[in-house]
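Good morning, and thank you for joining this group meeting.

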Amino acid sequence: MVGCKKVLLVFLASDSGVDGARSLFEEQSKNGAAEWFNKTVRNLIKKTQFAVPPLALMILASVEVEGVEQTICDLRFEELPLDVAWDLVGISVQTGQATQAFKLADSLRSKGYKVALGGAHVTLFPEASGKHADILVRGEADDIWKTVLEDLKNGSTKADYFSEDFPDLSLNRPVRARLLDRKRYFTTNVIQTGRGCPYSCDFCNIHVLNGNRHRRRNIDDVVDEVRRFSEHDRRIFFFVDDSININEDYAQELFSRLVPLNISWFGQATTALGTQPGLLETFAQSGCKALLVGIESIEPASRNKHNKTQSRSTELAEAIINIRKAGISLYGSFIYGLDGDTLSTPAAILDFIRLTKLDVPGINILRPNPGTRIFERLREEDRLLFDPDDISAYRYTFGQKMLYKPKHISLPDFIDSYSRLTSKIFTVRNSLLRGLLAPGAKTAVLLFNLFYTHLYALSRHDLKKQVYTD
Ligand code: B12
Ligand code: SF4
């Protein structure tokens with residue numbers, strides 16, 4: 001198209017986690033053998049296609065403005081295509097990748113490209129982000145992005161775009177299905193049905209980014225999206241909603257309507273699902289194979305201290321057992337080291353995992369992300385182990401570096417107890433057993449456990465180095 005404006009939307013690779021972990025220390029000391037091993041595993045992880053497609057960029061690339069052409073570049077798989085004279089390069093910035101994103105933005109701007117930055121980190125820290133951008137897009141950009149593209153076309157872009165109101169999700173904004181190279185991802189079927197959360201756990205900032213009110217899409221639009229997507233890709237669907245069962249009536253209606261479409265899906269839910277028998281049955285009938293649930297802590301003192309109030313720890317085990325009985329595998333995400341935790345917490349976590357037969361346990365170390373209340377509190381209590389202004393410290397290291405001092409446990413004792421706990425949970429034998437016993441998505445459960453056996457070994461290795469080096 002002659003005179004067409006060309007826009008490139010960039011998603012960055014993360015240093016760790018599902019994009020493949022590397023040791024913080026080998027990286028520094030350039031230990032050849034260890035770096036080779038980690039690189040091999042990283043490539044293997046990529047090949048097993050754990051990578052989740054960038055839904056934010058799929059949404060933005062689906063915004064249509066005549067005379068503007070948008071392309072997605074996922075740096076996890078490809079180089080930046082700098083042979084094209086892009087009129088605008090948009091970069092999605094999360095806190096864990098902010099340093100990397102800003103470096104890329106600076107380098108592109110020095111080459112004469114116009115750069116727009118958006119995403120969670122930009123919304124939380126507009127001032128720091130603004131130094132690296134020609135255009136800053138704060139907040140959910142579903143509607144504002146159209147204005148940016150129109151302004152680009154008319155040569156009248158502004159430095160800052162922001163809307164006081166969250167987008168009305170009940171309006172139909174179809175996401176185009178064929179935007180991604182499907183060979184790269186385990187699925188291209190990523191869908192979000194709603195945004196915002198009525199709870200305010202202090203280690204999370206969803207209520208800051210997306211508001212305290214849960215906004216939902218029109219059920220007809222979601223059903224249509226599932227139908228359209230499945231024509232292009234018959235693999236599993238991933239509903240990225242933070243809690244897919246947060247509004248029971250909505251979820252009940254949506255997933256009842258998905259039953260005839262015969263899909264398989266996984267998502268994220270609260271354990272309350274175990275006490276919602278009707279919805280649980282509908283989830284199973286509509287093809288739900290696995291769910292991630294945020295258990296966070298089984299210590300009542302920790303749940304209270306971090307404002308995790310929406311379910312009581314005594315009900316958790318029963319709920320998990322019910323969900324598994326319905327044929328749905330569970331990824332249970334814990335955080336060890338919260339303010340009510342003591343050295344007896346690991347034994348309680350182990351007992352809980354044995355009792356509930358959790359399919360994939362995730363034993364996280366608290367990441368006090370800036371913009372969360374826990375970050376502010378730890379800063380006030382002088383418990384942060386890094387300069388709070390150094391955003392590179394937040395990078396997602398899969399718990400490879402402690403970023404704060406636990407309240408009741410010394411740092412060496414914490415790292416020791418965390419290491420013992422994770423080496424008991426993540427072994428090749430346990431991975432095989434969990435894969436075998438999983439009620440749904442057996443292969444994914446097996447692969448995740450094997451992957452975690454590697455990742456947690458890396459985490460233990462780095463944490464021990466940290467405690468003896470610092
Ligand atoms: C799916 C998901 C993942 C997946 C995959 C991520 C992926 N490839 O996209 C997995 C499981 C791998 C993951 C991992 C992690 N995640 Co995550 N994840 C999510 C989740 C649940 C959904 C993401 C999504 O698709 N949202 C839907 C889109 C539409 O929303 P959005 O990304 O915010 O995009 C909108 C705006 O931000 C903006 N926008 C975004 N990008 C851009 C770019 C431009 C140019 C513009 C103009 C606008 C713009 O417009 C979009 C449309 O409105 C979000 C929570 C959430 N509700 O968003 C957390 C979230 C993004 N994750 C978060 C975190 C902290 C992590 C981890 C660090 C967790 C951890 N401790 O291990 C890791 C880091 C991984 C990494 N790669 O860096 C935080 C990020 C907070 C922050 N300050 O950056 C979030 C917000 C959750 C939270 N509780 O706060 N995550
Ligand atoms: S952790 Fe989950 S329940 Fe708590 S505020 Fe965040 S999204 Fe809501």
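Just after helix α7, Gly 155 takes a positive phi of about 70°. The model is a predicted one, in which local features need pLDDT of at least 70, side-chain atom pairs count only at pLDDT 80 or more, and totals for chains, interfaces and linings use all residues. Residues are numbered from 1 along each chain as its sequence is written, while chains are lettered from A and ligands numbered from 1 in the order in which they are written.

A word on terms: helices (H or I, at least four residues) and strands (E, at least two) are DSSP runs, numbered from the N terminus. A residue is called buried if 20 or more other C-beta atoms lie within 10 Å of its own, exposed if 12 or fewer, and partly exposed in between, with C-beta atoms placed from the backbone.

Which residues of α7 are buried? In this helix, residues 144-154, they are Trp 145, Val 148, Leu 149 and Leu 152. They cover an arc of only 95° around the axis, and therefore lie on the same side of α7. The arc is that of the directions from the helix axis to the C-beta atoms.

Thr 345, Pro 346, Ile 349, Ile 353 and Thr 356 are buried in α14. Because these residues cover an arc of only 105° around the axis, they sit on the same side of α14. Ala 347, Asp 351, Arg 354 and Leu 355 are exposed on the other side of α14.

What follows α14? It is Lys 357, whose phi is positive, near 55°, in a residue other than glycine. Lys 357 is found in the loop between α14 and β14 (360-365). Lys 357 counts as partly exposed because 16 other C-beta atoms lie within 10 Å.

Strand β12, residues 288-296, holds Glu 296, which has a positive phi of about 60° although it is not a glycine. Is Glu 296 buried or exposed? Glu 296 is buried, with 24 other C-beta atoms within 10 Å. Lys 289 also has its place in strand β12, and Lys 289 is buried, with 22 other C-beta atoms within 10 Å. Leaving aside its neighbours within four places in sequence, Lys 289 is in contact (C-beta atoms, placed from the backbone, within 7 Å) with Ser 264, Trp 265, Phe 266, Ile 328, Ser 329, Gly 440 and Ala 441. The C-alpha atoms of Lys 289 and Arg 324 are separated by 9.9 Å, and these residues are 35 apart along the chain.

Let me turn to the domains. The assignment gives domain 1 (5-162) and domain 2 (189-469), with bounds that come from an automatic or database domain assignment. How many residues of domain 1 are in contact with domain 2? There are 22, and they meet 27 residues of domain 2. On the side of domain 1 that touches domain 2, α1 (24-29), α2 (32-47), α4 (98-110) and α5 each supply at least two residues. The largest share of that side, 3 residues, comes from α5.

Finally, the ligands. For both, a residue is near if its C-beta atom, placed from the backbone, lies within 6 Å of the molecule. Of the 39 residues around ligand 1, Ser 14, Ala 56, Gly 90, Ser 92 and Gly 118 come nearest. The shell around ligand 1 draws at least three residues from each of domain 1 and domain 2, and its largest share, 4 residues, comes from α3. By class, this shell has 19 nonpolar, 15 polar and 5 charged residues. Here Ala, Val, Leu, Ile, Met, Phe, Trp, Tyr, Cys and Pro count as nonpolar, Asp, Glu, Lys and Arg as charged, and the others, Gly among them, as polar.

Ligand 2 is surrounded by Cys 197, Tyr 199, Ser 200, Cys 201, Cys 204, Ile 206, His 207, Asp 242 and Gly 294. The shell around ligand 2 comprises 5 nonpolar, 3 polar and 1 charged residues.

Technical notes:
Two residues are in contact if their C-beta atoms, placed from the backbone, lie within 7 Å.
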